[in-house]
Amino acid sequence: MAGGTVEGRLAGLGLTLPAVAAPLASYVPALRTGSYVYTSGQLPLVEGKLGVTGKVGAEVTPEEAKDLARVCALNALAAVKSVVGDLDRIVRVVKVVGFVASAPDFTGQPGVINGASELLGEALGDAGVHARSAVGVAVLPLDAPVEVEIQVEVAD
């Protein structure tokens, strides 16, 4: 990959991959089938804790939520690494699905999930370009403002 490794690009952004977040229920953080890895929804946990809770457009600003979506994407990359061993095996991010716990009148979900999309682009370059959904929901686990899942294609 031009510009160094994925983890090198993350380091250039001042980021390191966290430990994979422990599941909150009966599931695995990521699963590989064939050439694809699917992550479970990743919350913006830092060292196992949510720094911010609440609804976007009420207790949480859209700008805060966008930053939290970046954390979700970083956690998703950690989950991918846990099953493939090396993020440089990512051929492309295929799909990103973002959920935003939204105040009833909040309609800026795409701008919030841009935090995840932009991080993936910064880390993976052209391989980070993806299809995406950004969905407003009433509530997320642990009262998290944002949750992100990704699907990636990987090389053998």
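Me: Which heavy-atom distance is used here to decide on a contact?
Reply: Happy to start there, with the reminder that this model is predicted. Two residues are in contact when they have heavy atoms within 4.5 Å.

Me: In what order do the helices and strands follow each other along the protein chain?
Reply: Let's begin with the inventory: the protein chain has 3 helices and 7 strands. Read along the sequence, these elements give the pattern α-β-β-β-β-α-β-α-β-β.

Me: Is Ala 69 buried or exposed?
Reply: Ala 69 sits in helix H2. Its relative accessible area is 0%, and the cut-off for burial is under 20%. Ala 69 therefore counts as buried.

Me: How far is the C-alpha atom of Ala 69 from that of Asn 114?
Reply: Good one to check in your viewer. Once residues up to four places away in sequence are set aside, Ala 69 touches Val 112, Ile 113, Gly 115, Ala 116, Val 146 and Val 148. Asn 114 is 45 residues from Ala 69 along the chain, yet their C-alpha atoms are separated by 7.7 Å.

Me: Which side chain makes a polar contact with the side chain of His 130?
Reply: His 130 is placed in the loop between helix H3 (109-124) and strand S6 (131-137). Its side chain also reaches the backbone oxygen of Gly 128 at 2.6 Å. Residues touched by His 130, apart from those up to four places away, include Val 93, Val 94, Lys 95, Val 96 and Leu 120. The side-chain partner, at 2.8 Å, is Ser 117.

Me: Which element gives the most residues to the lining of the largest pocket?
Reply: This pocket has a volume of about 260 Å³. Of its 14 lining residues, those closest to the centre are Pro 18, Leu 45, Val 46, Glu 47 and Gly 48. Strand S3 (45-46) and helix H2 (62-84) each supply at least two residues of the lining. The top contributor, with 3 residues, is H2.

Me: How many residues of the lining of the largest pocket are charged?
Reply: The lining of the largest pocket contains 11 nonpolar and 2 polar residues. The charged count is 1.

Me: How many nonpolar residues line the second largest pocket?
Reply: Here the volume is about 190 Å³. The lining has 13 residues, and Leu 24, Tyr 27, Gly 41, Leu 43 and Glu 147 lie nearest the centre. By class there are 3 polar residues and 1 charged residue, while the nonpolar ones number 9.

Me: What is the phi angle of Glu 47, and is this residue buried or exposed?
Reply: Glu 47 is in the loop between S3 and strand S4 (49-50). Its relative accessible area is 78%, so Glu 47 is exposed. Phi is positive although the residue is not a glycine, with a value near 55°.

Me: And what phi does Asp 143 have?
Reply: Asp 143 lies in the loop between S6 and strand S7 (146-154). At 28% relative accessibility, Asp 143 counts as partly exposed, because that class runs between the 20% and 50% limits. This non-glycine residue has a positive phi of about 65°.

How values were computed. Residues numbered from 1 in each chain as written. Predicted model: local features only at pLDDT ≥ 70, side-chain atom pairs only at ≥ 80, totals over all residues. Heavy atoms only, no water. 1 Å grid on protein atoms, 1.4 Å probe; cavity = no way out; pocket = protein on both sides within 12 Å on 5 of 7 lines; lining within 4 Å. Points joined across faces, edges and corners; volume = space filled by probe spheres on them. Helix = DSSP H or I, 4+ residues; strand = E, 2+ residues; numbered from the N terminus. Nonpolar A, V, L, I, M, F, W, Y, C, P; charged D, E, K, R; others polar. Buried < 20%, exposed > 50% of the residue type's maximum accessible area, 1.4 Å probe, protein only. Polar contact = N/O pair within 3.5 Å; in protein donor to acceptor, adjacent residues only side chain to side chain.
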